[in-house]
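The following note sets out points on the two chains, their contact and selected elements. Please read it alongside the sequence and the coordinates.

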Amino acid sequence: MMAEKKKAGSKKMEAKKETPKQAAPVPKKAPATAAPASGKKEQTRIGVFICHCGTNIAGSMNIEAVQEYAKTIPNVGYVDNYKYMCSMPGQAVINKAIKDNKLTGVVVAACSPRLHEPTFRTATKEGGLNPFRFEMANIREQNSWVHMHDQEGSTEKAKDAIRIAVAKASLLQDLFPKAVPVEHAAMVVGAGVAGMQAALDLAAAGIKTYLIESQPSIGGRMSQLDKTFPTLDCSQCILTPKMVDVGRAANIELMTYSEVDAVEGYIGNFDVTIRKKARGVLSMPEAEAKGMVGGGCNGCGDCEAPCPVIKPNEFEVGMKPRKAIYISHPQVVPLLYTIDFDSCIKCGLCVTACGEKKAIDLEAKDEFVKVKVGTAILATGYDMFPVEKKTEWGYKKFENVISSLEFERLICASGPTSGHIIRPSDGETPKRVAFVLCAGSRDNTGNGKPYCSRFCCMYSLKHAHQIYEKIPGVQSYLFYMDIRSFGKMYEEFYYRIQDEGAKFIRGRVANILEDPATKNLHVYTDDTLLNRPVDMEVDLVVLAAAVQPKEDTDRTRKLFGVSCSMDGWLLEAHPKLNPCGTTTAGVFLAGVCQGPKDIPDTVASAEGAASAASIPIHMGEVELEPYFATCIEEKCAGCGMCVNLCPYSALALVEKEGRQVMEVTEAKCKGCGTCGGFCPGGAIWMNHFATPQIVAQIDAFLLGGEQ
Amino acid sequence: MVRKKGYPEALEKKLRDQRYYREDSNPEFLPKVKAISRTIAHMCFQCGTCTGSCPSAPRSTYRIRQFMRRAVLGLENEALTDPDLWLCTTCYSCTDRCPRDIAPTDVIMAMRNLAFKRDIIPVNFLKTVQAIYSSGHGVPNNDVNRAARERLGLTRDPPTTHMYPEYIKGIQTILNHYNLKANADRIVKEREG
């Protein structure tokens, strides 16, 4: 086709005018794709508007020359330029020109469409054209900014870009976005403080919310902490009211010990399959549903005592035992025992102890539940970096080197030592404690995390405060590179801890060795401010370990079609202007799964995500970009190759007029073009990115200005 | 700069040392160090892991972090004329642990190369060159070693140039190619007569 066109030469213009009618046999059943100028022989007249963007563009190219050139491009009916095309007067120029010159399409040569495509679509619409009759030529990001010192080259490149855009604009069709209804329900994945806050907000806004948590209890990391900086609130005390609220909220359907198993659909209509892991214990409502009135687990704990299996309690970072049937701490929500079937020996002693309540079912199996939601929030949280990977610090090798999370449990009144901080080697109270900051963070070796984990500085200050509070005569040493106390009242907290006697040594810890006799530790570093190597003997070392995305994050994000950045944190739609959204419409992020955050930032992000996720639900319907594929049924051979290629399961074969043809579920189609590019019969028409439109662009580029 | 007030020499030196930007800051120094060391010396953020790891630091005035700083700031004279430059044992502990994945050891080696171009080198290093030239070994075998080797059931001499002296010639060719031996002889003669 292209070769023909090359030979055709002067025929090209005619051919071009014919193309829309020839190549766009509008599928019968596609209300979004109106026939291009249904039959009337309207002449194509494209308006080209060149933006200076102050000096951003005008400073690097000859606007005058570009404008003169644009006038010579076929189908161009009007050319103008303006200092700021996106400004109100700039848009007025477009508006007026469309009306005065009876334009059929608009090309704006300016910045990236990611920035101002919506602006100029609106301007095109206000001028009386269908907004999809607009095409943008990027002469800033991809031209003036990268060729800042090549006036001639960038001018020529801008000419090319405009010629290509005009070629496409000449063939653009009217498109009409389709609205789909939004299910009046939302899902939150992860019930840490972020997920709980998001769910509470959604529920308060009158939205039915499914809150999915993989652990037996909600609460997440924050429920493991003793106190929170800089206010020194007891973490549990401020969290448990929220946990109770979540358990009570009528609009929240809490699903603990559950995982998202499959996700289908699109914004407004996500069909989510949830795996309810076999818990082996019936809740009271579940028991009632099975006809056992008055039965089900009431959290009495009678089952726990006879259980002969002892396992480390993960909630206590393995420092306290639990049984195979257990609750991980006294404040769990829901108050419901769980059987760890990986270690249960099915002796049945618990069943006997439970007696008449008949809450225990040792033969329980995983169950699958399907729910439909309009939007979803991921709040999957974080894990600690396995800091034993940094062998020089001796974690898991030396008994008295502990991680910060272990410190939290040890200092917590409900923890394994009832709040007494002790040396694991001998149970003695430490008198000299070293805190090693950036343990695995800010590390570019590949064996560590290149980012700042953001809350370790502050909790290490808090840890230092806590030992001063609990151990008379103790001395703390904080080994740091920088103290990052950026939040509200954080710097003041730093001041306070230094005033309490904490010693700050500016040097990253090089290595730690153990005195085998005393089990004391020697911390080696460089006191960089004194320029002197340090060998500090201490009783206990606390490593402020880096954080990393929760183990299962990758699986979950793929189910929802969310991307992640290089370090594994989930990728927001825009780091500054859309930090809660993702590139998948209807899916939002809350809390640390998007990147390390302290509690205030986590709660703020959760509230942001809840607000964003409630908008489509309250609107009741969402407009989908009309870029979906359509099937030209006369050409479709019904081979079905496209059906399997579609990454969004948007295509299916259906029987029509006695034969198989492909049908597109428009709301599911993302317009990726995989099917359209493959279809051997050319039977798939990609709206707004149709083959004739793209071929015209390629031709316009390859043929240059020659006609 | 000549001070008129006549401070004692030691004080004069101390005051001079405390000036932050030194007249010998050379913008070419860092690129040169990076080219020779093939490591990202400019990325040092002065955390101190190198000095903290250094077996030499607690026993000497050698501060590897300080040399990294001098590289970043281009303090060529200060780096190359500091005798501490030669106290690195090249154990590579700092390189092993550097969180920025820099090889400070290689930075030191690059600086030593640059210093040698200006004849700045301790004589004992040159004597090592002479020893390698004549025997193929920086630390040649001796009678104590020979006796120990015999006790362990080994040959009196190891299977190196000690056992095959005919290969010393090859080593000498390499050293001559870089003029190392000639330079070493010249400097030793200048210093010791």
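1. A residue is called buried here if 20 or more other C-beta atoms lie within 10 Å of its own, with C-beta atoms placed from the backbone. By that criterion, the buried residues of helix 12 of chain A are A:Ser404, A:Leu405, A:Glu406, A:Phe407, A:Glu408, A:Arg409, A:Leu410 and A:Ile411. The model under discussion is a predicted one.

2. Helix 12 (residues 404-411) of chain A has 8 of its 8 residues buried, so the helix is largely enclosed by the rest of the structure. What do these buried residues pack against? Their partners in chain A are strand 19 (382-384), strand 20 (401-403), helix 13 (456-470) and strand 27 (540-545).

3. Chain A as a whole contains 19 helices and 34 strands. Its C-alpha trace spans about 95 × 75 × 40 Å along the principal axes. Of the 707 residues in chain A, 46% are buried. When contacts between residues at least 6 apart in sequence are considered, 70% of those in chain A join residues at least 24 apart.

4. Chain B has 11 helices and 0 strands, and its pattern along the sequence reads α-α-α-α-α-α-α-α-α-α-α. The radius of gyration of chain B is 21 Å, whereas a compact globule of 193 residues would have one near 16 Å. The C-alpha atoms of chain B fill a box of roughly 65 × 45 × 30 Å along the principal axes. Buried residues account for 26% of the 193 residues of chain B. Among the contacts in chain B with a separation of 6 or more, 67% involve residues 24 or more positions apart.

5. The contact between the chains draws 19 residues from chain A and 17 residues from chain B. On the side of chain A that touches chain B, the elements giving two or more residues are strand 25 (521-527) and strand 26 (532-538) of chain A. Strand 25 of chain A gives the most to that side, with 3 residues. By residue class, the side of chain A that touches chain B divides into 5 nonpolar, 8 polar and 6 charged.

6. Strand 24 and strand 25 of chain A pair in the antiparallel sense over 4 bridges; A:Asn511 has A:Tyr524, in strand 25 of chain A, as its bridge partner.

7. A further open sheet of chain A has 3 strands in the order 11-12-17, with antiparallel pairing. Which strands lie at its edges? They are strand 11 (258-266) and strand 17 (367-373) of chain A, each of which pairs on one side only. The twist in this sheet averages 20° from one strand to the next. Strand 12 (residues 269-276) and strand 17 of chain A are joined in the antiparallel sense over 7 bridges, and the bridge partner of A:Lys276 in strand 17 of chain A is A:Glu367.

8. Helix 16 (residues 599-619) of chain A has 21 residues, which at 1.5 Å a residue should span 30 Å; the end C-alpha atoms are 30 Å apart, in agreement with that expectation. The buried residues of helix 16 of chain A include A:Ile599, A:Val603, A:Ala606, A:Ala610, A:Ala613 and A:Ile617. The buried residues of this helix pack against chain A elements, among them strand 6 (185-189), helix 8 (193-204), strand 18 (375-378) and strand 30 (621-624). Just after helix 16 of chain A, A:Gly620 takes a positive phi of about 90°.

9. A:Tyr84 lies in the loop between strand 2 (76-82) and helix 4 (88-101) of chain A. Is A:Tyr84 buried or partly exposed? A:Tyr84 counts as partly exposed because it has 15 C-beta neighbours inside 10 Å. Setting aside neighbours within four places in sequence, A:Tyr84 is in contact with A:Cys51, A:Cys53, A:Gly54 and A:Gly90. A:Tyr84 and A:Cys51 are 33 residues apart in sequence, and their C-alpha atoms are 5.8 Å apart in space.

Note on methods: Residues numbered from 1 in each chain as written. Chains lettered and ligands numbered in written order. Predicted model: local features only at pLDDT ≥ 70, side-chain atom pairs only at ≥ 80, totals over all residues. Contact = placed C-beta atoms within 7 Å. Nonpolar A, V, L, I, M, F, W, Y, C, P; charged D, E, K, R; others polar. Expected span 1.5 Å × (residues − 1). Buried ≥ 20, exposed ≤ 12 C-beta atoms within 10 Å, placed from the backbone. Rg over C-alpha atoms; globule rule 2.2 N^0.38 Å. Pairing = 2+ DSSP bridges. Axes fitted to C-alpha atoms, helices over the stretch in contact; angles between N-to-C directions.
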